[in-house]
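I opened this entry to keep track of what I looked up in one protein chain. The sequence and the model come first, the notes after.

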Amino acid sequence: KDVLEQGTVVTVTLSRGNLKMPKFASMNDFREWADKYGITYEEKHEFSDKVAIGEIIGFSYDEGDTIKNGDSISVTISDGKQVEVPNVVKSSKKEAISKLENAGLTYNISYKYSDSVQKDKVISQSISAGSKVGTGTTVSIIISNGKKPASSGNNNTGGGSSTPKPNPSPVTPPAPVCENITVYIQP
C-alpha cells in the first residue's frame, strides 16, 4: 500500500526455494556447486581402504538435507589405503625394493659411499619405519657404494725412510631428505 513516485526502482527478491544437498559425481562437481551458491566448505583428509585416493568419502550433510544461508559443509577426501612403511635399512637393494612394493609404496634410489654400511645395502630411508602413509607414497632410499676408494696419489717409490701421508677422511655431504606432500588444487 506504499505510494511511490513515478520512476522509483523497486527491487523484488524471488525465492528459489530450499537449497538441498545433491549427490555429486566428483569433488570438482561439488566445488562448482558450492561456488555457484556461495557455500563455504572445508576439506578433511583420512585414509580409506574402500575409497580411492582423491575421491570423496562423505559430507557433513546427507543427500537431500536443506542447506541454509551461512552453513558450512565439511567434505572428507580419501588419502587412499593406509599402509605402514617397512624398515629397509641394512637390507639389500633387492630386499628393500620387494618390501616397499609389497607394502604398496613406490621408491627412489640414490647411492653414496659409506664406511659403515657394506656395498649394496640400504644406508637410510626418507620415511621412518612404522610411519602410516597412503598407498603409492614414495620412499627415497640411499644404497651404499661401499667404502670410497683410496686415491692413488701416495706412491712411495723412494728407498729412504719417508713415511706415507695418510689419506684425508672423505667428507660426504648429507643426503637430501624429501617429504611427500599431497596437494589438491581447486579450480
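**Whole chain.** I noted at the start that this is a predicted model. I looked up the secondary structure and found two helices and ten strands in the protein chain. Read from the N terminus, the elements follow the order β-α-β-β-β-β-β-α-β-β-β-β. I then checked burial: 25% of the 187 residues count as buried.

**Sheet E2-E5-E3.** Which strands make up this open sheet, and in what order? Three strands form the sheet, in the order E2-E5-E3, with mixed pairing. Its edge strands are E2, residues 40-46, and E3, residues 56-59, and each of them pairs on one side only. From one strand to the next, the twist averages 25°.

I went on to the pairing of E2 with E5. Strand E5 covers residues 72-78, and its pairing with E2 is parallel, over seven bridges. As a general point, the strands of a sheet pair through backbone hydrogen bonds, in a parallel or an antiparallel sense. For one residue I looked up the partner directly: Tyr41 has Ile73 in E5 as its bridge partner.

Next I asked what lies across E2, E3 and E5. The element is helix H1, residues 27-37, which runs at about 160° to E2.

I located Leu4 in the segment before strand E1, which spans 19-20. Is Leu4 buried or exposed? Its relative accessible area is 51%, and the cut-off for exposed is over 50%, so Leu4 counts as exposed. Leu4 also belongs to a nonpolar surface patch, together with Val10, Val12 and Leu14. The accessible area of these residues together is about 450 Å².

**Lys94.** I found Lys94 in helix H2, residues 93-102. Why does Lys94 count as exposed? Lys94 counts as exposed because its relative accessibility is 71%, where over 50% is required. I also took one distance from Lys94: its C-alpha atom is separated by 10.0 Å from that of Val122. Along the chain, Lys94 and Val122 are 28 residues apart.

Note on methods: Residues are numbered from 1 along each chain as its sequence is written. This is a predicted model: local features need pLDDT of at least 70, side-chain atom pairs count only at pLDDT 80 or more; totals for chains, interfaces and linings use all residues. Side-chain values use heavy atoms; hydrogens and water are left out. Helices (H or I, at least four residues) and strands (E, at least two) are DSSP runs, numbered from the N terminus. Buried means under 20% relative accessible area, exposed over 50%, partly exposed in between (1.4 Å probe, protein chains only). Patches are made of residues with over 30% relative accessible area and no salt bridge: like charges are joined within 9 Å, nonpolar side chains (Val, Leu, Ile, Met, Phe, Trp, Tyr) within 5 Å. Accessible areas come from the Shrake-Rupley method with a 1.4 Å probe; for residues, only the protein chains shown count as cover. A salt bridge is a side-chain nitrogen of Lys or Arg within 4 Å of a carboxyl oxygen of Asp or Glu. Two strands pair if DSSP finds at least two bridges between them. Axes are lines fitted to C-alpha atoms, for helices over the stretch in contact, and angles run from 0 to 180 degrees between N-to-C directions. Contact means heavy atoms within 4.5 Å.
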